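Visitor: Hey, can you walk me through this one?
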Amino acid sequence: MNAMANLTSFPTADELNRRLAQRIVATLQQGIKEKGQASLVVSGGKTPLGLFKLLSQHPLDWARVTITLADERWVDEDDESSNGRLVRENLLRDAAKAARFVPLKNASPTPFSDVDDVEKALEEIAKPFDVVILGMGDDGHTASLFPGADNLAAALNMTSKRLCIGMTPLTAPLDRLTLTLPALLNSRQIFLHLVGENKRAVYHQAQAGDDVNEMPVRAILHQTKTPVDVFWSA
């Protein structure tokens with residue numbers, strides 16, 4: 001498999017969302033057909049909101065789909081910055097209300113201790129994940145794999161057998177829990193969802209170098225284990 005990710009550009013974010021939703025639904029349908037169930041890993045932020053709305057309305061056997069997060073800020077579930085809240089309000093509605101959601105946040109005071117129950121819940125989701133949807137920050141982070149963070153090397157360790165790990169970003173507020181690189185790559189398909197000219201510039205910068213500590217998204221882009229399709233619009 002070619003290590004270079006496949007970039008497809010779209011004239012508008014609406015067209016990107018429509019095409020990406022079709023690809024995601026088709027892959028989930030294939031998983032349901034083959035295994036009787038499917039799994040979807042999503043990211044937070046503003047970028048996927050239009051995509052979530054389209055997905056939620058697709059006629060899919062959502063009761064056979066399990067949804068979890070690529071990462072989560074360590075805040076209360078009703079906090080405005082909670083990715084879980086974002087997913088519940090924007091994706092787990094309409095037809096997709098029937099899907100099962102596995103959150104990453106628990107009652108622990110920090111994401112660095114006592115997250116065994118989160119890891120156990122993630123272990124119970126059939127692997128490989130069918131679809132993982134990732135975003136990318138201007139600093140080259142993806143999920144909560146942040147440049148220069150203390151736990152970054154551990155999160156990128158392909159032999160750790162860890163599914164999730166706590167992370168304190170140097171370039172963003174709030175402690176996080178993130179899926180590890182081996183967990184993210186244990187999937188049939190990764191989509192990197194990017195919007196804006198600046199994101200395209202950051203993407204090309206990431207493609208051009210190989211220092212994963214500087215831009216952790218490179219660990220996704222330069223691997224040969226899992227197909228990566230990059231969907232970009234202005």
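Visitor: What kind of model is it, and what pLDDT do local features need?
Guide: It's a predicted model, where local features need pLDDT of at least 70, side-chain atom pairs count only at pLDDT 80 or more, and totals for chains, interfaces and linings use all residues. Residues are numbered from 1 along each chain as its sequence is written, and side-chain values use heavy atoms, leaving out hydrogens and water.

Visitor: OK, helices. At what angle do H1 and H2 pack?
Guide: About 50°, with the axes of H1 (residues 13–35) and H2 (residues 49–57) 9 Å apart. That makes H1 oblique to H2. Helices here are DSSP runs of H or I with at least four residues, strands are runs of E with at least two, and both are numbered from the N terminus. Axes are lines fitted to C-alpha atoms, for helices over the stretch in contact, and angles run from 0 to 180 degrees between N-to-C directions. Under 35 degrees counts as roughly parallel, over 145 as roughly antiparallel, 65 to 115 as roughly perpendicular, and the rest as oblique.

Visitor: Which residues in H1 meet H2?
Guide: Asn17, Arg18, Leu20, Ala21, Ile24 and Val25, and they meet Gly50, Leu51, Leu54 and Leu55 in H2. Contact means heavy atoms within 4.5 Å.

Visitor: And what does H2 do with H3, at what angle do they cross?
Guide: Roughly 45°, with the axes of H2 and H3 (residues 83–90) coming within 9 Å. On the H2 side you've got Leu49, Phe52, Lys53 and Ser56, meeting Leu86, Val87 and Asn90 in H3.

Visitor: Switching topic: how many aromatic pairs are there?
Guide: A search of the whole structure finds 2. In one of them, the ring centres of Phe191 and Phe231 are 5.6 Å apart and the planes sit at 85°, so that pair is edge-to-face. Rings of Phe, Tyr and Trp (its six-membered ring) pair if their centres lie within 6.5 Å; planes under 30 degrees apart are stacked, over 60 edge-to-face, and the rest tilted.

Visitor: Where do Phe191 and Phe231 sit?
Guide: Phe191 is in strand S9 (residues 190–195) and Phe231 in strand S10 (residues 228–233), 40 residues apart, so the pair links distant parts of the chain.

Visitor: Backbone next. Which residues does the cis peptide bond join?
Guide: Lys127 and Pro128, with omega about -5°. Pro128 is in the loop between H4 (116–123) and strand S6 (131–134).

Visitor: What about the phi of Asp114?
Guide: Positive, about 55°, although Asp114 isn't a glycine.
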